[in-house]
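Good morning, and thank you for coming. I would like to take you through the charged side-chain pairs of the structure shown here.

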Amino acid sequence: MKFTTPAGTNPIDQLKVIGKPIDRIDGAMKTTGMALYAYEQNKVAPNAVYGHVVGSAIAKGRIVSMDTSDAKRAPGVLAVITAENVGKLGKGSKNTAKLLGGPNIQHYHQAIALVVAETFEQARTAAQLVHVKYAAEKGTYSLADAKGKATKPKGGDSPPDSKAGDFAGAFAGAPVRLDATYTTPDQSHAMMEPHASIASWDGDKLTVWTSNQMVGWGHDDLAKTLGVAKDRVRLVSPFVGGGFGGKLFLRTEALLAALGAWTVKRPVKVALSRPMMFNNTTHRPATIQRIRIGADRSGKISAIGHESWSGDLPDGQPETAVMQTRLLYAGANRMTSMRLAVLDLPEGNAMRAPGEAPGLMALEIAIDEMAEKLKMDPVAFRILNDTQVDPEKPSRPFSQRKLVQCLRTGAEKFGWNARNLHPGQTRDGRWLIGHGVAAAFRNNLVMKSAARIRLDRNGTVTVETDMTDIGTGSYTIIAQTAAEMMGVGMDKVVVKLGDSSFPVSAGSGGQWGANSSTAGVYAACMKMREAVSKQLGVDAATAEFVGGMVRAGGHSMPLAQAAEGGELIAEDQMEYGDLDKKYQQSTFGAHFIEVGVDAATGETRVRRMLAVCAAGRILNPKSARSQVIGAMTMGVGAALMEDLVVDKRYGYFVNHDLAGYEVPVHADIPHQDVIFLDETDPISSPMKAKGVGELGLCGVAAAIANAVYNATGVRVRDYPVTLDKLLAKMPAQL
């Protein structure tokens, strides 16, 4: 099914199930421990043995020699897998051959061997007996040092440069100007569940139970890397314990588990240790961002320029931190650019809201700084520079854009008018109190997505799609979609996810998962409605599916009657044609923050948080709110804590565990309010929904930084905003 125009009479608009705050159907399984994650699939892979990954001890260079003899003689050891004894690997979409290094080493903790043994302890002990001699080379580990050699990136989905009008001339002639540089650090996904897989071969057929956000991508890449036909490989990922983008792609543990299982002819379990997760897998790369804004005395932006530098391994891609600046505010004269430096650090790649999250960390401070120069309220300045069309392509309108409504609603709810205009003047005992705001922006991406529907003689509707649930509530909103479309209760719907034997879905990433996967289920349900109508001899166009019945032509028949002769099966997919060329599809929001900063120590505490989101139809307000408050919490970490510290001598992340890499805990987070504007977007999909899980993160860190400035009068442009960056500049307190 192709979706190119808004639907007319749309069954999803009944809103009997869709849009309701229904409890998660997988909640009981997860809270009682009945939901089995990748490493826990013991029954389906009996007699499994364990693999332990050996990571490179250098960041760049070559392996001169590797002696595995002591490891092989260790108790319980069955095999030692290396690049030398597995032969040449194929390349998946992300050059997956690099997942097993040797003899060349690209980054610290790149996997160079897998030790397989009867028990985990035996494998881990024997891994220490793999003796490796290296020829280390000098690497580049500092973005600041490499910035001067950065070049225009090649490939990728986004052009590195954009321009409109005469930015240089307009900026030079603007009566009010800002030219500032901001930095964001390397960050880690730090999800709860580690990267883990169990691989098992049955003859030449491979099954891998894994923790992966994009089953379709992983399935394709694993088959290509192993040189095995796709129909001989199956990936299963029914539950994922968090990902944030770190599990988008095939990773080391899945590949090595498959290689190990082939070698020892038994199922092999592999999980990465926490330090290995930090240095072996992907991370959000650091950025250096220069922002220039010019405006007239009334506050109208006449020139806006945003340049960003980030780093990655050779053939990598930049952090697309300028993307929101191309779309968020009006201004006739514009310029953005992205440059990529080669760094010998672990791979930089997607982390929740890639591009917009770090980009807004800089842009939304710059907007506040510009408002101060203009002596304007920051909310009023943002509203003044709203646009309803793509400012770089004025002929392309936004399908929906309610940024102004988000800002106004949030300002009223938060009590913004009580904010002190003068920084450092409001106190509550020892605490300096400040208020900050930031716009939220994240593009609404849509992906082709398919599903299969089964109807049995009991009237039970079963949905099969390889969509994953990474803690976001996919099971529930997919069940709601099927229940709404087929006119049955939630108790008559069974949802099966995360299996490559099912139709390929959008997968979980880029906040496209909810809208796209439910649209695929919608398409399959429409196909099933046609099959049911044909079976019952009624007109599908006029038939109503309500309360487990099919009503048409004055008659009413049980839905189950259509399957009396045997199970009905329908399959379809949702495609989007050229919608992205006709409309700019984005989600919008506004974040309002209150902080307290200890006047003596500089300790910052977040006291109040409010997010207002305009993200199309909200399919399940309860799970959507959960997504947004989780994202807001992540924003607190980005603002005040998170910083992967690079050892610039040896090229690795020093704080590579959850003791050294700080993330927010319950004590750090106050009550969080979330408001969803009443919005449907028929351009986006037949669900009239959009993504929201990443929008809740975008802008939070800047709103906190702006609140800290309002509290103290100290402007910090280098994240995270830690007390050492405040104390030296804070005024002496009585």
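**Salt bridges and their surroundings**

Let me begin with Glu307, which is buried, at a relative accessible area of 14%; buried means under 20% relative accessible area, exposed over 50%, and partly exposed in between, with a 1.4 Å probe and protein chains only. Please note that this is a predicted model, in which local features need pLDDT of at least 70 and side-chain atom pairs count only at pLDDT 80 or more, while totals for chains, interfaces and linings use all residues. Residues are numbered from 1 along each chain as its sequence is written, and side-chain values use heavy atoms, with hydrogens and water left out.

Which side chain does Glu307 meet in a salt bridge? The partner is Arg290, at 3.9 Å from N to O; a salt bridge is a side-chain nitrogen of Lys or Arg within 4 Å of a carboxyl oxygen of Asp or Glu. By this rule the model has 43 salt bridges. Arg290 itself is partly exposed, at 28%.

The second pair is Glu464 with Arg454, at 3.0 Å from N to O. Glu464 lies in strand β21 (residues 461-464) and Arg454 in strand β20 (residues 449-455), so the bridge ties together parts ten residues apart in sequence. Strands here are DSSP runs (E, at least two residues), as helices are (H or I, at least four), numbered from the N terminus. Glu464 is buried at 6%, whereas Arg454 is partly exposed at 21%.

Finally, Glu603 and Arg605 form a salt bridge at 2.9 Å, N to O. Glu603 is partly exposed at 27%, and Arg605 is partly exposed at 32%.
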